[in-house]
Amino acid sequence: MEELDGEPAVTVIPGVNSKKNQMCFDWGPGEMLVCETSFSKKEKSEMVPSCPFIYIIRKDVDVYSQILRKLFNESHGIFLGLQRIDEELTGKSRKSQLVRVSKNYRSVIRACMEEMHQVAIAAKDPASGRQFSSQVSILSAMELIWNLCEILFIEVAPAGHLLLHLLDWVRLHVCEVDSLSADVLGSENPSNHDSFWNLVTILVLQGRLDEARQMLSKEADASPASAGICRIMGDLMRTMPILSPGNTQTLTELELKWQHWHEECERYLQDSTFATNPHLESLLKIMLGDEAALLEQKELLSNWYHFLVTRLLYSNPTVKPIDLHYYAQSSLDLFLGGESSPEPLDNILLAAFEFDIHQVIKECSIALSNWWFVAHLTDLLDHCKLLQSHNLYFGSNMREFLLLEYASGLFAHPSLWQLGVDYFDYCPKLGRVSLELHIERIPLNTEQKALKVLRICEQRQMTEQVRSICKILAMKAVRNNRLGSALSWSIRAKDAAFATLVSDRFLRDYCERGCFSDLDLIDNLGPAMMLSDRLTFLGKYREFHRMYGEKRFADAASLLLSLMTSGIAPRSFWMTLLTDALPLLEQKQVIFSAEQTYELMQCLEDLTSRRPVRGESDIQQLQDEDIETTKVEMLRLALARNLARAIIREGSLEGS
């Protein structure tokens, strides 16, 4: 996997002239921004008009397809189930589970392919129809490759049974015969239909000999002159030895029977039994495995791997897996005949027949437009213990590397990123680091989405990301003047500085409006109020108001004084606190003791002595200063009266 490949395909961006002007670009996790600069590529830099657009180039455009999204969603559940397969399972039980998982993946691919096919048929726009048809071809190729890998690498079918699986593989993926059969059998006289012999030939090419015999019986009924040779051909088809799934005969017995049958077919050819009917003679040559006769049916075979399986069926039905690569390569060469070069799909299938798993994955990575296929196939093969020895030079094995690439692509989508989280979870080396990097880039458009992201981070003890998300949400709440929400997020983030800032906003809001907003939150701060001194003050100040409302004046007075003398209250808020003390000072009952009154007086003097000396002021500032002066005078008068009352009361109590 580490060898250098050819140059990647060039992506042409409409309207951008990279030959004339220098380009500017910036990489993102799943996309790239590209634009032209104002600098010419000439020796002298000249300011020339450039393209005014910024282009977004995405590497995983398939995630935006509605139908392919179903593929990603459905396969996600299969992937999670595979990860939970008990490692202790061994032998047939484990193998059967892995085969079942593989079939589940293939069923999802086929379901998406069929839905895409329906959309392509219904498409009104020709361009859209072509695009959907192209996607159908890609999905069909994906299932074709996956099915072959399932047969060769997961089921590991032995000689004899291997050919049965390959026949099923060809029949599943070369399915034109069913529509042709319906067309022929639906006619008034099937044996006179133009495609009758084509149908019989295709059935023989696919090893569907029982169906071919039924078709020949129709020819015998319609043409009594050929009834005898049709019966002979039918007997040859019926007696052809094939290893069925429930058959207990050994390979040696099968090979011996097949040799006798083959010799019988050879005698009929030498005796020119079917010379009067070229169609039947051609069928006999096919059943003898004659390569020239098979190649004459290129149009009906349609591809080289169909040719390969048919060739094996009639020349070496007990082929061993180790010999497949020889037959595959020679079949490809014979079928193409030097007229054309192999397509990417041909190279992938050829690598599979050579049992070169890593080459299969590499070729698929290059040929396919997204990482879904190689990521899930590699993961499945890794669970089959087939990739254990292949580690990459940068520290992660191939399975993890491909899963990381696939998950990164999912994070480029506004909703599929949630699936990507689970893929990162099952990448033991680099998964957590990658998740941390990607989750920080998720746009938190709504609070609901933010809560999803937050829950994911909290479940994985991603402390820094939790703090970062909470701070972002707190900032948004502050900008929208939602102070309660901002305070809640800052507490959740355990951000003392931001909690202090929000608490200041609460206090300023109180000073302007005369009441608190979000009382439920402030009343239930609990231990969270210890996060910062300002938050503690906010909670205690609200507690003072609650005590005052409950007419617990003595407790309220003690709390108010402690807030000022302990230094928790900001000095800028002292005047508000002293003003709050006025109603307590004016109560009929003495609330503040003489000592407490002296402390309040000291606080008032400290506040007034440190007030800044101002220069020339406007009218508003003068009015504010007059109000402050009035407040100070009222406080001094109230404190003096309370002190006198307190001294008298305390003296009379001592005297008694």
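Predicted model: local features only at pLDDT ≥ 70, side-chain atom pairs only at ≥ 80, totals over all residues.
Me: Which residues of α7 are buried?
Reply: Helices here are DSSP runs (H or I, at least four residues), and strands are runs of E of at least two, numbered from the N terminus. Buried means under 20% relative accessible area, exposed over 50% and partly exposed in between, with a 1.4 Å probe and protein chains only. In α7, the buried residues are L209, A212, M215, L216, E219 and A220.

Me: Which helices do the buried residues of α7 pack against?
Reply: Contact means heavy atoms within 4.5 Å. The partners of the buried residues of α7 are α5 (176-185), α6 (196-205), α8 (227-239), α10 (278-287) and α13 (304-315).

Me: How far apart are the end C-alpha atoms of α7?
Reply: Helix α7 has 14 residues, 209-222. The expected span is 1.5 Å times one less than the number of residues, which gives 20 Å for α7. The model agrees, with the end C-alpha atoms of α7 apart by 20 Å.

Me: Which helix supplies the largest share of the lining of the second largest pocket?
Reply: On a 1 Å grid over the protein atoms alone, a pocket is an open set of points with protein on both sides within 12 Å along at least five of seven lines, a cavity is a set where a 1.4 Å probe fits but cannot get out, and lining residues have an atom within 4 Å of a point. The second largest pocket has 21 lining residues, and M113, V136, S137, S140 and H173 lie nearest its centre. α2 (91-122), α3 (126-155) and α4 (161-173) each give at least two residues to this lining. The largest share, seven residues, comes from α3.

Me: How much space lies in the second largest pocket?
Reply: By class, its lining has 11 nonpolar, seven polar and three charged residues. Ala, Val, Leu, Ile, Met, Phe, Trp, Tyr, Cys and Pro count as nonpolar, Asp, Glu, Lys and Arg as charged, and the others, Gly among them, as polar. A volume is the space filled by probe spheres set on grid points joined across faces, edges and corners. For the second largest pocket, this is about 540 Å³.

Me: Is E150 buried or exposed?
Reply: E150 is in helix α3. Leaving out residues up to four places away in sequence, E150 touches V99, S102, K103, R106, E155 and V156. Because its relative accessibility is 1%, E150 counts as buried.

Me: What is the volume of the largest cavity?
Reply: The whole structure holds three cavities of 30 Å³ or more. The largest cavity is lined by residues including G160, L163, M240, L254 and P317, and α4 gives the most to this lining, with three residues. The lining divides into 10 nonpolar, one polar and no charged residues. The volume of the largest cavity is about 70 Å³.

Me: What is the phi of S272?
Reply: S272 lies in the loop between α9 (251-270) and α10. At 41% relative accessibility, S272 counts as partly exposed. S272 is not a glycine, although its phi is positive, at about 55°.

Me: How far apart in space are I491 and C470, C-alpha to C-alpha?
Reply: I491 lies in helix α23 (residues 483-492) and counts as buried, at 19% relative accessibility. I491 and C470 are 21 residues apart in sequence, and their C-alpha distance in space is 8.6 Å.

Conventions
Residues numbered from 1 in each chain as written. Heavy atoms only, no water.
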